[in-house]
Structures are given as structure tokens and as C-alpha cells.
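Open the model in your viewer and keep the selection panel at hand. The tour goes stop by stop.

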Amino acid sequence: MAGVANTWGYGAMTNHFNDIRHSKLIFFIGSNAAEAHPVALQHVLYAKEVNNAPVIVVDPRFTRLAAKATDYVRIRPGTDTAFLMGLINQLIVNDWYDKEFVQTRVAGFEELKKVAAHYTPEVVEDITGVPAKEVVRIAKLLADNRPGTVIWCMGITQHHIGSSNTRACCILQLMLGNMGVSGGGTNIFRGHDNVQGATDMCVLSHSLPGYYGLSEKAWRHWCKVWGVDFDWIKSRFHSKEYMHKPGFTLARWYEGVIQEDKIYQYTPIKAVVFWGCSSNSQSQYFKVKKALDQLELVVIIDPFATTTAAMCEKDNVYLLPSTSQYETEGSVTSSCRQAQWRYKVVDPVYDSKPDYEILKEFVKRFGFEDKFFKNIKEIPEDVTREIARGTLTIGLYGWLPERIKKHTDHWHTFDLFTLQAKGGPCDGEYYGLPWPCWTETHPGTPILYDISKPVAKGGLPFRARFGTEYTYPDGRKENLLAAEGVANPGSEVKGGYPEFPGWKTDINVIRQALKRGMAPFGNARARCYCWNFPDPVPVHREPLHSPRPDLIKKYPTYPDKPDFYRVYTRFKSEQKPELVKDFPLVLITGRVVEHMGGGAETRSNKYLAELMPEVYAEINPKTANDHGLREGDYVWVESPEGGRIKVKVKVTERVDPHTIFIPYSFGGMFMGKSYAGNYPEGLVPYAIGEPANIVVNYGYDIKTQIQGTKEGLCRLKRA
Amino acid sequence: MAPGPFGPGGKEGSMGLMKFICDTERCIACNGCVVACKEGNHVPVGINRRRVITINEGQPGERSISISCMHCSDPPCMAVCPAEAIYKRDDGIVLVNKDLCIGCGYCLLACPFGAPQFPKAGPFGARGVMDKCTFCAGGPAPTFSEKEKRLYGQNRIAEGKVPLCAGMCATKALLAGDAEVISKIYAERVAKRGSGLSPKIF
């Protein structure tokens with residue numbers, strides 16, 4: 001998401017699911033939406049049927065989504081940027097790109113052009129395995145069928161160059177002029193219920209809610225919203241440095257305990273709270289397990305006794321049963337930035353408690369209830385109000401509980417294609433008030449960066465987030481604001497303009513901007529060249545553990561990164577060309593439709609467990625025969641780091657002979673041993689199995705530190 | 001009784017013919033239909049009133065289809081049943097009377113779709129009574145009775161609702177209801193293919 005935000009302003013899905021019905025082409029890369037987002041497929045299949053939209057699926061694996069594609073492109077794992085840059089190059093050299101769009105709304109085109117020129121169809125074929133003529137054909141398809149949408153998921157982000165991959169996707173859409181239009185956009189499908197909401201609240205280690213960051217200004221803003229004294233907050237930290245220093249990430253927190261890589265913190269981590277989080281979705285899981293057994297305290301707050309609970313072998317674990325979503329209420333945010341009110345269906349069953357109550361009990365015992373609940377008398381409505389008041393950056397000011405409930409209650413009055421209400425109590429508004437919903441009367445923004453609508457009616461330009469002018473390394477100067485004539489209808493300024501000073505912390509500034517028909521965050525160009533990234537224009541870099549040692553020299557990874565979210569993170573020193581000799585197969589992981597995340601919930605459902613009872617490795621018939629493996633055999637999959645798992649063999653052509661695939665949602669087994677006996681009595685899931693993440697390799701994105709689950713190496717040994 | 005969403009429902013009076021269609025262009029093998037059926041009707045593990053079948057898995061030409069009892073116009077299961085336990089309602093829904101079924105399994109041999117299901121064989125190979133898709137129309141026990149729910153599951157048809165499987169289907173691949181209504185929906189869908197227009201299809 002960092003890559004997307006740094007291109008044009010916000011790191012979120014730009015259009016919405018229903019809008020895909022307007023697409024003339026759908027380009028999936030690194031997404032198996034048929035299994036991960038089955039409900040969204042109705043819109044995709046509609047566009048395919050009615051608009052004759054080509055459905056292009058780029059993936060190392062012939063997925064169930066690929067089965068619905070018109071064009072399937074098999075790509076070597078970890079080479080997405082090379083493929084995308086190859087497409088971009090074709091658009092440029094054949095003059096198929098949208099010149100007007102690029103000239104008026106895009107910056108850094110000249111720099112892009114220079115880098116893209118390297119990615120000729122032949123170079124792309126060598127790196128990705130996609131035939132050169134396919135690269136040209138797909139580029140032509142993209143050019144001939146506009147507007148098209150680009151959809152991706154974790155297959156794009158979970159790489160050491162994940163943030164380059166996401167930017168390459170964005171740049172592709174900029175070249176096609178597919179941004180800010182219905183049927184176009186970058187539709188990044190979020191993986192879980194309310195992930196967008198969790199991201200917006202920055203349940204992350206490097207930012208306060210609403211993407212404010214950790215600066216003193218950010219702290220002061222939120223202290224004001226919370227009604228809490230800044231100095232008191234400051235006094236809670238070890239030192240002022242830690243108030244502004246990003247913490248550990250989900251991907252690498254365990255290093256804070258086991259310290260196999262150097263950590264940059266005054267103390268090792270002593271306690272961890274898992275609140276609705278599966279530890280078995282973290283790579284190199286055997287190291288996570290080691291950390292769990294070293295911690296002084298592990299608290300698991302979940303409706304289920306998770307894999308984490310079973311994995312802890314030290315007497316250090318507390319399970320706090322929380323309610324499911326049906327036993328509590330509040331607002332949730334969809335992948336496409338919409339809010340919906342989730343009403344309570346039943347009172348909490350057994351001794352489970354809603355998350356709000358668990359948090360309140362903690363705060364009470366910690367002794368700062370008076371400060372924590374200053375604005376919150378009615379739960380959860382007052383929580384939603386506080387979020388609205390504080391989160392001006394993404395325009396949540398209009399997300400009042402009354403409005404969200406009104407939309408949910410009258411969902412049938414909204415149009416299936418445009419999301420706009422026709423008549424009724426929400427007339428003219430868009431379903432779920434997609435953010436930015438700038439004020440209490442704003443209708444929501446269904447499509448980001450759409451300059452055909454006034455800002456007050458859901459239009460927006462690209463965000464001016466990176467200054468007004470930039471000098472590139474070769475001395476070329478470029479105005480970063482949008483060209484003359486590019487502005488939303490009714491804008492006082494008929495071209496680009498910088499952001500309004502103070503808009504992120506003062507609603508009156510936002511109101512002023514809207515009154516003048518202008519976007520509070522300015523009107524700029526989208527960037528092809530992000531100077532604040534290690535690769536300002538996306539370039540291919542071989543995976544840390546590459547099956548092509550010959551390419552490592554030409555496309556090496558980054559230098560190592562010390563103090564990266566408080567832990568030394570290896571890049572160059574981890575890229576070993578000789579590794580492929582002992583670990584010849586590429587390992588990728590992903591979803592199955594039956595299971596969700598770490599699988600605590602779905603594997604505890606007897607019907608889902610019946611459909612998908614066991615973990616398996618998909619192995620190509622050729623590879624299976626070369627290893628003497630048959631369908632149903634058991635095999636050890638081993639990682640270079642020393643992780644190993646025993647799984648069933650599934651012989652299938654879904655994967656090519658160089659690749660194996662393992663679904664990642666299993667748990668309850670560990671390196672050949674069952675931990676069923678470690679669950680509280682009666683709570684063993686119906687389906688248990690080895691977490692694939694035990695063998696997922698070392699490797700993290702250079703910008704966000706997301707784990708690279710789609711580009712490791714492994715080997716097979718008959719069990 | 002109030003007419004349901006697909007014409008008049010229930011047992012009495014003149015009514016349409018209840019049918020399923022599965023659009024293989026739309027089925028993504030998500031198994032939502034299977035799980036909805038099992039959860040909603042409390043079907044035991046091992047009994048599959050509905051299944052998703054995939055052919056050419058992992059290869060170009062992969063297709064999936066959701067299959068259950070097709071509620072045939074001339075059901076072979078009914079013809080071969082020695083206990084006359086299988087009957088057909090006026091609305092075309094084929095049901096089994098579990099009080100009469102002797103578990104012989106002839107219906108399973110006769111059915112081209114493998115729809116009849118039997119609980120696991122016991123030590124002497126004895127089968128339990130047959131279970132199959134009821135089109136969510138309960139069974140011969142009194143409508144909405146505890147016995148009906150226990151032996152056959154929900155009676156959504158009597159409530160004027162579509163079967164759970166079709167109601168759940170995310171891509172609307174699986175359509176269920178009055179044959180005339182669903183064939184019209186399907187025909188419209190086929191007619192609109194490639195039209196590039198954007199009127200609503202469902």
C-alpha cells in the first residue's frame with residue numbers, strides 16, 4: 001500500500017467492486033480472487049459476459065481464477081515488476097499509451113521511459129518465462145480494451161520488491177489513462193473482513209490512526225482529539241525517541257525475542273498479545289514458535305483457541321475468549337473504503353466478552369480509564385464519533401454512526417452499478433460513504449481521483465503530497481502540480497494547486513476548500529518516479545532465494561538494512577546464488593476457499609473441515625515422477641532456514657515443474673508432530689495440519705517489511 | 001399461502017415446476033452452496049446433498065458444476081424404489097419418506113447424478129435410510145414440525161424462500177425456482193452476453 005500511496009496519494013482500492021461491471025478488461029496479477037474473494041467474482045463475471053471483457057490472469061499457478069480467465073499468463077514467481085515494466089515499455093514504444101493523460105496528470109514520465117526501455121519482450125521472456133510475443137499481445141489487449149481495471153492481492157505485495165510491484169501496477173494504469181474513471185482503477189482486494197478499517201486505524205507500528213505517522217505533530221493532534229495531555233502521553237514512553245521510532249512489525253516481531261538478527265531497542269520483547277491474529281500466518285514459523293516459548297507472557301484474545309495457543313509449550317499463556325462479530329456491533333470498512341454498520345445478532349454466548357469490554361477492563365486495571373474514555377460514554381457509537389473527529393487525512397469526518405446506520409438500513413435504495421442512492425433517505429449519496437467523506441453532508445467518494453465530478457459531489461484530483469516541483473538527478477525540473485485545465489468542475493483554480501495548509505488537523509480548512517470547489521489535499525500529478533524509494537522507478541530484482549543464479553548478478557537485491565523497524569534485515573548478505581543447488585524448487589503459498597487466514601475459525605467448522613481436511617503440496621506430475629512421489633504420498637518439504645513440514649502430495653498441473661504450492665491456513669501440527677493434545681479440552685479444530693509458513697523463507701519488502709511468501713526455495717524428501 | 005419469489009409455493013394448488021440450473025460459466029467451485037445446505041439443514045458430515053464437481057482441474061478447460069438431486073421429471077429413483085418411499089410433489093420436487101425407506105440403495109444405482117446419500121454402512125453392511133436434497137422443502141412430516149426439521153431439514157419453500165444453496169451462491173451460477181422463471185433469467189443472461197449494455201441482469 002506504501003507504493004500506491006506514494007504514486008498518487010492514498011494507499012487504497014481506487015474504485016469499487018460493483019464498478020468492475022463497467023470494465024472493458026480485467027487484469028489480475030497475484031490474485032486468486034475466485035478463492036480469496038468469491039463474492040467479488042459476480043462483478044468480474046458480469047463484465048466478462050456482458051462487456052466481452054477479456055479477463056487476464058497473471059499467476060505462477062493455474063488457479064481457480066485462471067479457470068475463469070480468457071487469457072492466462074504463467075509467470076515465474078517474483079518477476080511481476082519485470083513483466084509489468086515489459087507491458088509499460090510496449091505501451092510506450094508502440095505509442096499505445098494515453099498521451100493526454102500522461103502530459104496533464106503524470107510526473108516522471110521521461111525517467112520511467114528510460115528505465116522501461118530495458119524491459120524489451122526478449123528481456124522479459126528471459127526473466128519471467130512469459131514468451132516475448134505474449135508480452136506484446138497482452139500489452140495490445142490492454143491498449144485496445146479501455147477502461148480496464150487492474151486487480152492484485154498478496155501475490156504482488158508479499159515480495160522483497162513488493163512496493164515496486166505495486167507501483168508498477170499503478171504506473172501501468174497511468175499509462176493506459178485508466179485512473180479516475182469508472183471501469184478502470186487499481187482495485188486492490190483486501191484479504192480479510194475490515195482490513196481496510198484496521199489499516200485506516202493504523203494497527204501498525206509506524207503510525208497513529210489515520211496515517212498521521214509518529215511525529216510530535218501527529219501525537220499532539222490525537223492528544224487533542226482524545227482530550228489527553230500530551231506530556232502525560234510522553235511520560236508513558238521509555239524515552240522521547242521511542243515515541244517517534246517505528247516499532248517491530250507483524251512479520252518480524254519474534255526477532256525482538258530470539259534476537260537472531262540484531263535488534264535496536266533498549267530491551268527484548270517480553271510479552272505479546274494476539275488479538276484476533278493468527279501467528280501461523282507469519283513466515284519462518286519455527287522461529288515464531290521459538291519466541292513463543294521464550295516469552296514471559298502470551299495473551300490470546302480470540303473466539304477460538306488458536307494455533308498460537310497450542311504452540312506455546314511454556315506455562316505462560318492466557319486465553320481470553322472474545323465474541324464473534326455476531327455478538328457485538330460497530331462500524332466496519334470494506335475493501336472499497338465503504339462503512340457499514342454491523343448490528344448485534346445475539347448476546348455473547350458462554351463467558352466470551354466483546355472486544356470493547358475486554359479493552360475497558362484492561363484500561364481500568366492499568367489505571368487510566370479516566371483518560372481513555374473521556375469522549376466515550378456510549379459504546380460503540382462514541383468510538384465511531386471520535387474516529388470521525390480525528391481522522392481528517394482520509395476524510396472520515398462525515399462517518400457519523402447515524403449516517404452509517406442509515407445507509408445500512410436502506411441498502412436496497414442504492415444502485416448496483418454506481419452505488420448511488422436513487423431517492424429515499426440517502427438520495428444522491430454513495431453506499432457506505434466511501435472515504436474521503438469530507439463533511440457531515442458529503443456523499444462519499446466512490447471513485448478516487450475522478451475529475452469529472454465536483455469535489456463536494458465525490459470527485460477528486462491526484463493528491464499533492466510531494467511538493468510542487470522536483471529536480472531529477474539529470475537536472476530536469478518538473479512541475480508536480482496538475483496541468484492547466486485539469487481540475488474538478490466548479491474548482492476556483494482551473495489547474496493544479498498545492499494542498500491547503502492545515503487541512504489534516506482542522507476541519508474548517510477542509511470546509512473552506514470544498515466551498516471553493518477544491519480538494520483539501522491539492523491537485524497534483526501522479527508520480528512514476530518516487531524519489532523517496534530505493535528504486536525511484538520500479539526495477540526487477542531477483543528474489544533473495546532465486547532459482548536463477550545467473551540473473552542475480554544482473555538484478556541483485558538491495559544492501560542490508562540495519563534498524564529496519566528495530567531489527568537488522570538482511571538483503572544482499574542473504575542472496576546466495578548457490579542455494580538453488582540444494583533447494584531447487586520454488587515455494588509459493590496461498591489461500592483455499594474453505595479456509596481463512598490462520599484457519600482457527602474455519603478449521604473449527606466441521607463442514608469446512610470436511611471439504612478441506614488436510615494440508616497438501618501441489619506438485620507437477622513431472623516433478624512428482626522425478627522424486628518418485630505419487631498422489632496421496634507424504635513428503636517432507638524443507639526450507640533453507642531449517643524449517644520442515646510433512647504434507648500430502650497432490651499431483652496437479654496447476655503448478656509448473658519448478659514450483660510447488662501449499663495452502664497456508666493450517667496449524668496444530670509442527671514439523672511432523674501433532675499438537676492436538678495442547679488445545680484446551682474439546683477445542684481441537686476438526687482439521688489440523690502443518691503451517692506452510694514453517695517453510696516460507698527469509699525475505700521482507702524493502703519499504704514495508706511485509707514477508708515474502710511467494711518467492712522462496714525448498715526441496716522435497718520422501719517421507 | 002402467499003406466493004413465493006418464484007410463483008406460488010407449498011404443496012397445494014396449481015404451481016410451477018421447481019428446477020435447478022447451474023451456469024458453468026459462473027460456477028467458481030467455492031462450495032458455498034454445499035456449506036449453506038449442510039449448515040442450514042444440519043446434514044451430518046459424510047452426507048452430501050449437494051457437491052461441486054470439477055473437471056480438467058488445473059488445466060485449460062477447467063470447469064465446475066454444482067450437482068444435487070435434479071428433481072427429474074421422470075425420476076428413475078422413484079421407479080425402482082421397492083418401498084414406494086420416493087414421491088413427487090405437484091411442483092415437481094422429489095422427496096423421500098424416511099419412515100418408509102428400507103435403505104436398499106436401489107435408488108442410488110438408478111440415479112444418474114449420484115444424488116441419494118446413505119449414512120455409513122454398519123458392521124453388517126446395513127445402510128441407514130436414504131437422504132437427499134429436498135429443494136429445501138422439508139418432507140412428508142407436518143410442515144414446520146419438529147419431526148420434519150429433524151429428518152429433512154428446513155422447509156423454505158413453504159416460507160416462500162429459495163433453497164439455501166441458490167440463495168448463497170455468490171456469482172448466481174446456481175439458480176433455483178420455478179422452471180419458467182429461472183429459464184427466463186438464464187435465457188436473458190445468455191442473450192446479454194457481449195451486448196456491452198449495462199441493464200441489471202439479476
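A residue is called buried if 20 or more other C-beta atoms lie within 10 Å of its own, exposed if 12 or fewer, and partly exposed in between, with C-beta atoms placed from the backbone. Helices (H or I, at least four residues) and strands (E, at least two) are DSSP runs, numbered from the N terminus.

This is a predicted model: local features need pLDDT of at least 70, side-chain atom pairs count only at pLDDT 80 or more, and totals for chains, interfaces and linings use all residues. Residues are numbered from 1 along each chain as its sequence is written, and chains are lettered from A and ligands numbered from 1 in the order in which they are written.

**Stop 1: helix α3(A)**

Select residues 41-50 of chain A. Of the ten residues in α3(A), eight are buried. They run through A:Leu41, A:Gln42, A:His43, A:Val44, A:Leu45, A:Tyr46, A:Ala47 and A:Lys48. Now show β1 (25-29), α2 (33-36) and β2 (55-59) of chain A, which are among the elements covering these buried residues. Then step to A:Asn52, which follows α3(A) and has a positive phi, near 55°.

**Stop 2: chain A against chain B**

Bring up both chains. The contact takes 28 residues from chain A and 28 residues from chain B. Two residues are in contact if their C-beta atoms, placed from the backbone, lie within 7 Å. Which element gives the largest share of the chain A side? Return to α3(A): six residues come from there. Helix α25 (606-611) of chain A also gives two or more. By class, the chain A side has 15 nonpolar, four polar and nine charged residues. Here Ala, Val, Leu, Ile, Met, Phe, Trp, Tyr, Cys and Pro count as nonpolar, Asp, Glu, Lys and Arg as charged, and the others, Gly among them, as polar.

**Stop 3: domains 1 and 3**

Colour chain A by domain, with bounds from an automatic or database domain assignment. Select domain 1 (2-188) and domain 3 (394-459 + 483-522). Their centres, taken over C-alpha atoms, are 27 Å apart. In the contact, 18 residues of domain 1 meet 14 of domain 3. Helix α5 (residues 99-105) gives the most to the domain 1 side, with three residues. That side has four nonpolar, eleven polar and three charged residues.

**Stop 4: helices α4(A) and α8(A)**

Finish with residues 80-93 and 132-144 of chain A. On α4(A), pick A:Gly86, A:Leu87, A:Gln90 and A:Leu91, which contact α8(A). The contact holds eight nonpolar, two polar and no charged residues.

Notes. Axes are lines fitted to C-alpha atoms, for helices over the stretch in contact, and angles run from 0 to 180 degrees between N-to-C directions.
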